[in-house]
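The sequence and structure are shown first.

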Amino acid sequence: MQELAIQLFVTNKEELTPEITLPLAQTPLFQLAVELKARLTSFGGWEMPVQFIGIGREHEAVRTSAGMFDISHMGKFAMQGNQLISQLQHLVPSDLSRLQPCQAQYTVLLNPEAGIIDDIIFYYQGKDETGEQRGIIIVNAATTGKDKAWLNSHLDLNQVNLQDLSSEKVLIAIQGPQAAAALQPFVQEDLAQIKSFGHLEATVLGQKSFIARTGYTGEDGFEVMVQPSVGVELWRSLYEVGVIPCGLGARDTLRLEAAMALYGQDIDETTTPLEASLSWLVHLDTKGDFIGRSVLEQQKSIGVKRRLVGLQMQGRNIARHGYQVLSQKKIIGEITSGTLSLTLGYPVALAYVPTQLSQVGQQLEVEIRGKAYPAVVVKRPFYRSLNRLAS
Amino acid sequence: MLLEYPSDLKYLDSHEYARLDGEIATIGISAFAVDQLGDIVFLELPEVGDAVTKGESFGSVESVKAVEDLYSPISGTVIERNEAMLESPEQVAEDPYGEGWLLKLRVNDPGEVDDALSADEYRAQVEGE
């Protein structure tokens, strides 16, 4: 073993290998992670906990009880305007006009080539007393600046007010089958009224806050946006009732079991949502023009050349980011993410492969340290929670 | 947690150890390696009868997040590999210097191990990291 530094997340080359090393940012909850002796890593320009008690135990806590993640590094924008929805419609392939107040849509910002600038969640909050539409967008940490510049240059700022809450608010994800029970005592409103992908302006520890029933683990759970002092108190309160603090390590293994894409690794500006198997968020038939539409129309009519698929390794060797995928001894693709699925007990991976080799059941091979090991294309997600609420 | 480094072992700065008993060497990974790796989920080891060469990777150890090549402080021929650890690699962490050993080698030249670090030298190195 030459290098024992934890090789967590081979991240977006563009964002994360800057010429000059900038000091890492820390969230308002960073000190709580230090107090708990978390092992730390850098991620998207932030110094973040990678594990507290161990990735395996944290992962299991989210699958069987409840875990919590500090995700305050993520970008957070509040938006408001008379024509907010119609303005945003131009930037995403999803039909946001279908959203009712207190519903949300996972979607992507696209460049003109239909490459993914970022994957985001848009939470529609309905109209305020003056009739203006309001909403919140949560984006990836490393892409916050890029997204903000894109939104500012592609929205009519005379009509839309965009407020960057990224450094003002703390975001805590509480995830797992016991998440609702663990969080409820600290929330005035009944959490049962929030459906999956629903959200609410709620009162947390007596303070106005935002709660969404969303997450990045494939499990039921909530994401709570509060002011930093409330965030610190909420973290401590949840810790006292037994919610397990989790780091980015478990966040990665959990999201990968749920086959959720990691930006900069599984999706980026060179991949389209149709290639990334995100066609469910592309609504060409029900909406008008948007940036990237013509490329997606073309891909839809002639078919994509490659697709992001789920692979299950047939043995115990773990396919990891960057490993080559082979078919009949020829290189046909590359692993974008791979891990041992801690819940399922076998290695799983995501990879782009040619469409003709992307059908479920297709036998492929992955080259691992000079040897080819069998893999098979399987349905995504690898893991589906039985506890998850229907949306 | 205070990590232990038994003084009868020789260590590599890449965190493997060798315990020499006559012409038999037991190879494993240090408590520091186990601590840094976290949950060990997979081991790749050579077969019985394979040659292991000092300075060349003989296998790998994987945790959830990392994969690391393994090196031996001494050359020899594999006479036994720890099948129990291959089956349940997470158990290496419980006793890395005892039940969690990886390979037993019949060594070519016991003197080769002298190049490796003593426990004190190794401790100084890892505690400086």
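The model is predicted. Over all chains, it holds 24 salt bridges.

| Residue | Partner | Closest N and O atoms |
|---|---|---|
| A:Arg369 | B:Glu44 | 2.9 Å |
| B:Glu127 | B:Arg123 | 3.3 Å |

A:Lys208 has a relative accessibility of 65% and counts as exposed. A:Glu201 is partly exposed, at 36%.

The salt bridge of A:Arg369 with B:Glu44 crosses between chains. On the chain A side, A:Arg369 lies in the loop between strand E18 (363-368) and strand E19 (371-378). On the chain B side, B:Glu44 belongs to strand E4 (residues 40-44). A:Arg369 is partly exposed, with a relative accessible area of 32%. B:Glu44 has a value of 18% and is buried, because the cut-off for buried is under 20% relative accessible area.

B:Glu127 and B:Arg123 form a salt bridge within chain B. Both residues sit in helix H3 (residues 119-127), and because they are four residues apart there, about one helical turn separates them. B:Glu127 counts as exposed at 51% relative accessibility, since exposed means over 50%. B:Arg123, at 27%, counts as partly exposed.

Salt bridges with shared partners also link A:Asp252, A:Arg255, A:Asp266 and B:Lys65 into one network.

Technical notes
Residues are numbered from 1 along each chain as its sequence is written. Chains are lettered from A and ligands numbered from 1 in the order in which they are written. This is a predicted model: local features need pLDDT of at least 70, side-chain atom pairs count only at pLDDT 80 or more; totals for chains, interfaces and linings use all residues. Side-chain values use heavy atoms; hydrogens and water are left out. A salt bridge is a side-chain nitrogen of Lys or Arg within 4 Å of a carboxyl oxygen of Asp or Glu. Buried means under 20% relative accessible area, exposed over 50%, partly exposed in between (1.4 Å probe, protein chains only). Helices (H or I, at least four residues) and strands (E, at least two) are DSSP runs, numbered from the N terminus.
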